[in-house]
Amino acid sequence: MKRFLAAIHIDLTLLVGLLTLMSVGLVAIYSAGGQDIDLIYRQVTRLGVAMVVMLVLAQIPPAFYRRVSVYGYVVGLLMLVAVLLFGDVGKGAQRWLDLHIIRFQPSEIMKLAVPMMIAWYISKFDLPPKTLNIFVGFVLVIIPTILIAKQPDLGTSLLVASSGIFALFLAGMRWRLIAYVALLAGAFLPIMWFFLMQDYQKQRVLTFLNPESDPLGSGYHIIQSKIAIGSGGFEGKGWLKGTQSQLEFLPERHTDFIFAVYSEEFGLIGVMALLAIYLFIIGRGLVLAVRAQDAYSKLLAGAITLTFFVYVFVNMGMVSGLLPVVGVPLPLVSYGGTSMVTLLAGFGILMSIGTQKRLLSR
Amino acid sequence: MPIKRQTIRDHTAEANLVTRRAFIAFIITSLLLGVVLSNLYVLQVKQHQDFETRSDTNRIKVLPVAPNRGLIYDRNGVLLAENQPVFSLELIPEDIDDLDTTLSQLKALFPITEEDISSFKQTLRGQRRFKPIALKTRLSEQEVAIFSANKYRFPGVSIEARLSRHYPYAGLLTHVLGYVSKINKKDLQKLIEAGQEDNYAATYDIGKLGVERFHESLLHGKVGYQQVEVNSQGRIIRTLEVQPPTPGQDIVLNIDLRLQQKAAELLGDRRGTVVMTDPSTGGVLALYSSPSYDPNMFVHGISQANYSALLNSTDRPLINRATQGQYPPASTIKPHLGLVGLEHEVITPDEEMTDYGRYRLPNVSHVWRDWKRGGHGKVNLTKAIEVSCDTFYYDLAYRTGIDKISESMMDFGFGDYTGIDLHEESAANMPSRGWKKARFNEPWYIGDTIPVGIGQSFWTATPVQIAQSVNTLINKGERFIPQIKRGYIENEQITVELPKTLRPVAMKKEANWDLVLDAMYGTVNRDHGTAFNAFATAPYVSAGKTGTAQLFSVAQDEEYEEENVAEHLRDNAMYVGYAPYDAPQVSIAVVIENAGGGSSNAAPVARAMFDYYFTLNPLPEDKWYSPTEKRKVLEYTSS
């Protein structure tokens, strides 16, 4: 079995973590979606497709990814520009590119293309990188981030930005520089508020700061979500018995706010178990990164893993009222297709890095 | 030119650097997830109680459940006011995608008028969200069936059933039962003031008139509650707990439906009223005011046209003539006044005067006439009552004086509410010096006193007041409040309530009572009596007094203005009486407006009522007389 998995470049430990997470996700979706079995079928189908993508990407050697990094980044960037110029509008934002055969979000590609590009660029030089390289790296990160933020898609731009920055961090960016960047980012916040953010995004931040100010309007989501989580208590109300979700008080139950459904029904115990699974997957991803053969692979594997963490943190943070509401799904648990394919594609690359090693090296 | 590497890369050092960084990243990751977890701990453990309460407030709603209104029966158990299920078509606008399309599709199914739609749209504004709004009320069974078959086509539209009041005898009992109708703003204000708004939270209708209004608190019952789980749209998912309402009390009236029907039949389309009571309790056996109207019109909202017709009708059907009609009591109070004369020793039983048909005061030019041209000749008190001699009473009033008359008649209840269990009652007017001063800022003239002797002048009384005063005569001073409600039903058991008494009228001599009662006997049974003809063939012995009032129109707040009205309106016919004479079971007061003389118009109605009463409640053999037997009895008693 192990040998077979090794032959198809699958990391068993990571696979077990991912499958556990997906199972939890299906259980939660069944409850959140009003026990609609069709919803489960569709999600399983998507998971299947995404798993195939993961499997295929795991077969491709890391060296190939390294070679296509630049092209991927450039093509992705061009597509982002194309989206802004003639993209489809869906749900009030311009995110989709319709190529007649397939409709997709180029910003999803950037979630992988950006860390690949940064890993490629930084790993050309000695580690730790020089300040100039770091600067170039930041420019490479910020361009797609701004393009995505303009769509506007705050959640994805956040994920894209962090994927690149994590690569820089792992490469050994100096602490002092990190401190400067943090200060700069702090100074940048007001600029973002006044010049870059849309009204609805500003509203979300205001709501986050004081959700009770508008309990029936924009504060409604977060209040209902907190009620769901809080009323779940230590042990939870039981599967299918969460009144906040079953009686439809919770918005976006099976998508972005599924964590609230889960917390309501499984309580703090369930939450701790879920966090353990996530931590396990993150830990395994970092182990694979550390064990990778070359700098490019290490940086890419680490960035993918840490981006996965950002999903978890941002989603849980927003659902429980720690962070403003940005559209980030709970990875591999929330219902929905686009991000799932990207996520499992990332884990495919991770598995490729973890399992495909040249014997000659070192 | 290719860039040459200056140094050889130290792969180990680089690997260690990344490893270190990865380790730091893992620590930071764990710490941040720890922050998330501790926040969840606060929500789920520390603030759990608070959020649990808020979750319950979200989902649990308490709905009031209306109690069933108590039923009303007559004394023989005939149902007079019942609750019928009515079906209405209700819409929840928030659950309907396209309101206009739905409305036009519904229109194709049943006749829905523009009025229905406009009143629906009016309710729509300012309505609470997700509250059903009635589009069409009182659906027929056929319409219910039609909709049920098409229900699937109309999400958000449903048929709701609730109980609604129905009065099977329609106009027959309107002035007794009254009616219920939708709670309006004013009612609501009163309920709030009485702290009853919670009790009425689910109630649609409230008693507006008659027994329904007077006994509202008994009939309504106590609201129940239903705890339900609702979803975010407010739709009820399931019932968690039910606290059933306490239904209103079923009550029984003293009214005998058959006597009520007889009274209505006898009055026909004449304006007037019949009040029949049981003198031993004050229980009201029949109370009919003509003309009447159908109270069911008001239950579901009367149309403006119908209401205007009732309101503007010159026959004034909305007025309860028995309790609100203010009539001069005329000669019906001659027995009472005789009693007052005897009591104050103004006259003696044997004292006689000669009536020439005219009465004058010394040094006053005004002449008061007797109803009989030429007068009645020699009359004493008994004969004065029997023949209804006016002159005798002018003199009696003059000698007694307004103060004593007023005071004594107030003891009989004139000028005051009888306390009958109807809010629609007038106190009418018993004139006095003080009253005239307050009302007209004029002194009481001696000339005002004279017509008081024949129950006219400023004196007005309601028929129910007159009936109550006759009962007082029968009971020799003992007084009862006329009661429509007889009792209530509990556990299928009727409990009859005790009669309600009032301060009795005290007389120095018991014989005085007997004298005036004998005179009332004579009115009916001695051949010069004014009611002799009407009762000559009656197979029972009764007593009574006729009255013929010079006229004015009845109204609650119109004053009697003799000069204006008497010329163009005919007299009111009146009669009071009771039977059997020696052991009274039933008494009556009849007023027929503009009918003429009391003996030929009101007395026959009383006679027919008594006849029917004794058909329904036959007298024992020895009290039942054939016409020839009766003749003998009368000769015997007359001697």
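In this predicted model, 73% of the contacts in chain B between residues at least 6 apart in sequence join residues at least 24 apart. Chain B contains 25 helices and 25 strands. Of its 639 residues, 42% are buried.

Along the principal axes, the C-alpha atoms of chain B fill a box of roughly 160 × 55 × 45 Å. The radius of gyration of chain B is 38 Å, whereas a compact globule of 639 residues would have one near 26 Å.

**Sheets of chain B**

Two open sheets of chain B are described here. One has 5 strands in the order β14-β13-β25-β24-β23, with antiparallel pairing. At its edges stand β14 (283-290) and β23 (543-549) of chain B; each has a single partner strand, so one side of each is left without a neighbour in the sheet. On average, neighbouring strands of this sheet are turned by 5 degrees against each other, direction ignored. Within the sheet, strand β13 (residues 272-278) of chain B pairs with β14(B) over 7 bridges in the antiparallel sense, and B:Thr273 stands opposite B:Ser289 in β14(B). Helix α21 (residues 510-525) of chain B packs on this sheet, where it touches β23 and β24 (572-579) of chain B. The direction of helix α21 makes about 75 degrees with that of β23(B).

The other open sheet has 3 strands in the order β1-β9-β10 of chain B, and its pairing is antiparallel. Its edge strands are β1 (60-65) and β10 (236-243) of chain B, each of which pairs on one side only. Neighbouring strands of this sheet are turned by 30 degrees against each other on average, direction ignored. Strand β9 (residues 224-230) of chain B is joined to β10(B) by 6 bridges in the antiparallel sense. B:Glu229 stands opposite B:Arg238 in β10(B).

**Strand β12 and its partners**

In a regular strand, the side chains alternate between the two faces of the sheet. Strand β12 (residues 250-253) of chain B shows B:Asp250 and B:Val252 pointing one way and B:Ile251 and B:Leu253 the other way, and all are buried. Strand β2 (residues 72-73) of chain B runs parallel to β12(B) and is joined to it by 2 bridges; here B:Ile72 stands opposite B:Ile251. Strand β20 (residues 485-490) of chain B runs antiparallel to β12(B), with 4 bridges between them. The bridge partner of B:Val252 in β20(B) is B:Gly487.

| Strand pair (chain B) | Sense | Bridges |
|---|---|---|
| β13 and β14 | antiparallel | 7 bridges |
| β9 and β10 | antiparallel | 6 bridges |
| β12 and β20 | antiparallel | 4 bridges |
| β2 and β12 | parallel | 2 bridges |

**Annotated residues**

An unreviewed UniProt entry carries the annotation "binding site" for B:Asp355, B:Asp370, B:His376 and B:Cys389. These residues are spread over 35 residues of sequence, yet they cluster in space, with a largest C-alpha distance of 8.7 Å.

B:Asp370 is found in the loop between β17 (367-369) and β18 (377-379) of chain B. It is buried, because 22 other C-beta atoms lie within 10 Å and the cut-off for a buried residue is 20 or more. Leaving aside residues up to four places away in sequence, B:Asp370 touches B:Asp355, B:Gly357, B:Gly375, B:Cys389, B:Asp390 and B:Thr391.

B:Cys389 lies in the loop between α15 (381-386) and α16 (390-400) of chain B. By the same cut-off, B:Cys389 counts as buried, with 28 C-beta neighbours inside 10 Å. Among the residues that B:Cys389 touches, not counting those up to four places away in sequence, are B:Asp355, B:Asp370 and B:His376.

**Contact with chain A**

In the contact between the chains, 34 residues of chain B meet 41 residues of chain A. On the side of chain B that touches chain A, α1 (11-46) and α2 (48-59) of chain B each supply at least two residues. The most is given by α1(B), with 20 residues. By type, the residues on this side of chain B divide into 15 nonpolar, 11 polar and 8 charged.

Definitions and conventions:
Residues numbered from 1 in each chain as written. Chains lettered and ligands numbered in written order. Predicted model: local features only at pLDDT ≥ 70, side-chain atom pairs only at ≥ 80, totals over all residues. Contact = placed C-beta atoms within 7 Å. Nonpolar A, V, L, I, M, F, W, Y, C, P; charged D, E, K, R; others polar. Buried ≥ 20, exposed ≤ 12 C-beta atoms within 10 Å, placed from the backbone. Pairing = 2+ DSSP bridges. Axes fitted to C-alpha atoms, helices over the stretch in contact; angles between N-to-C directions. UniProt positions renumbered as here; feature names shortened; annotations may be inferred. Rg over C-alpha atoms; globule rule 2.2 N^0.38 Å.
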